[in-house]
Amino acid sequence: MMKKDSLVHPDSGYPELFSAEQLGETPLILAQKAAEEEARRGRMETLRFMSFGSGSSGNCSYIGDDRSGFLIDAGIEGAVVENALKKEGIPMTHVKGILLTHDHGDHVRYVYSLLRNHRHLLVYCTPRVLNGMLRRHSMSRRVKDYHRAIYKEFEFTIGNFTITPFEVMHDGSDNCGFHIRHGETTMAVATDLGCISERVEHYFTGVNFMVLESNYDRQMLLTGSYPDYLKARIEHDNGHLDNQVSAAFVARKWHPGLRYVFLCHLSNDNNTPTKALEAHHQSVTAANPNLRIGAGDRENLTDLEIIALPRFEPTPLYFLRKKNLT
Ligand SMILES: [Zn+2]
Ligand SMILES: [Zn+2]
């Protein structure tokens, strides 16, 4: 019987018969495909960060990738969050949930209205934060229908993000910081903390991006008009973080892969963005004199970007990329 066809199989030792050109994959097309793949991976690996307000008047920020993300805290009106994200081309359907750090009003005030207007959202917080929130604030108990219980030291996932809540010292109920992993990239968030505890020390080690409280300038606090009991509450280990403590911590945690530091929860009465930034610049450069520090200008990135988050206005959307250290 005659052989039906005489096509050469690619494994037959005649690979030239099936060259890239014959298959329509010219070297140019292959190069284009590789570039597209790299760009796609770059888009995927780039994190988006935006703050909608930071401080005792209200806190809320967004962290996401090219397909989904989540909010941290809900102390800013939903309409402000929605509009700011929309301007950057991020629809609320990308937002999968709200993580709560603790139950103080400046972090939870708008939880229920956000849930009512965007019913696909889930609230991720520890059971004690949920109970504290329901006890302290006049909030509908229906918030429980959207609740996903999380526990300190136990990781959970949202989209491509793996999140580990950890203990921070503060005077709310069951206060959490968050360690966030996305592929090879890591980020740590801690707001409203009176001191750098061992868990904070641990979870901020080796991260690429930080969001950290830098609440007050000690001199301004001590000479300011606050009553003594309030000064004592702020200074307490369960209170808020001093610029100098935050700055020394950032300097200690600096490593070549650290790219962005966002200073949050700056006091209106006992701090200024200039003082918070100065403290951090001094502390980081004292340990690393040649380090170039920038302010997050997209066109002109330096070795380390340190940004003081504004109290009331939304920030631009920051595209956080890991530094290529090779
Ligand atoms: Zn707060
Ligand atoms: Zn608080």
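Select Glu 153 to start: Glu 153 is found in the loop between strand 6 (147-149) and strand 7. Helices (H or I, at least four residues) and strands (E, at least two) are DSSP runs, numbered from the N terminus. This is a predicted model, in which local features need pLDDT of at least 70, side-chain atom pairs count only at pLDDT 80 or more, and totals for chains, interfaces and linings use all residues. Residues are numbered from 1 along each chain as its sequence is written, while chains are lettered from A and ligands numbered from 1 in the order in which they are written.

**Two positive phi angles**

Stay on Glu 153. Its phi is near 75°, a positive value in a residue other than glycine. Glu 153 is exposed, with 11 other C-beta atoms within 10 Å. The cut-offs: a residue is buried if 20 or more other C-beta atoms lie within 10 Å of its own, exposed if 12 or fewer, and partly exposed in between, with C-beta atoms placed from the backbone.

Now select Asp 73, in the loop between strand 3 (69-72) and helix 2 (78-87). Phi of Asp 73 is near 70°, again positive in a non-glycine residue. Buried or exposed is Asp 73? Asp 73 counts as buried, with 28 C-beta neighbours inside 10 Å.

Show the open sheet of eight strands, in the order 7-8-9-10-11-12-14-13, with mixed pairing. Two strands pair if DSSP finds at least two bridges between them. Strand 7 (156-158) and strand 13 stand at the edges; each has a single partner strand, so one side of each is left without a neighbour in the sheet.

Select residues 161-167 and 176-182. These are strand 8 and strand 9, which run antiparallel and are joined by seven bridges. Click Phe 166: its bridge partner in strand 9 is Gly 177.

Move to strand 14 (304-308). Five of its five residues are buried. Leu 304, Ile 306 and Ala 308 point one way, Glu 305 and Ile 307 the other. Strand 12 pairs with strand 14 in the parallel sense over four bridges. Phe 262 stands opposite Ile 307 there. Strand 13 also runs parallel to strand 14, through two bridges. Ile 293 has Leu 304 as its bridge partner.

**Helix 10**

Select residues 273-287. Helix 10 has 15 residues and reaches 22 Å from first C-alpha to last, close to the 21 Å expected at 1.5 Å a residue (1.5 Å times one less than the number of residues). Colour its buried residues: Ala 276, Leu 277, Ala 279, His 280 and Val 284. They cover an arc of only 160° around the axis, which puts them on the same side of helix 10; the arc is that of the directions from the helix axis to the C-beta atoms. On the other side, Thr 274, Gln 282 and Ala 286 are exposed.

Go on to Leu 291, in the loop between helix 10 and strand 13. Leu 291 is partly exposed, with 14 other C-beta atoms within 10 Å. Leaving aside neighbours within four places in sequence, Leu 291 is in contact (C-beta atoms, placed from the backbone, within 7 Å) with Val 284, Thr 285, Asp 303 and Leu 304.

**The core**

Finish with the largest nonpolar core, of 79 residues. Such a core is a set of buried Ala, Val, Leu, Ile, Met, Phe, Trp, Tyr and Cys residues joined through C-beta atoms within 7 Å. Strand 12 (residues 260-264) gives the most to this core, with five residues. Among the residues with the most contacts inside it are Ile 98, Met 210 and Phe 262.

Notes
Contact = placed C-beta atoms within 7 Å.
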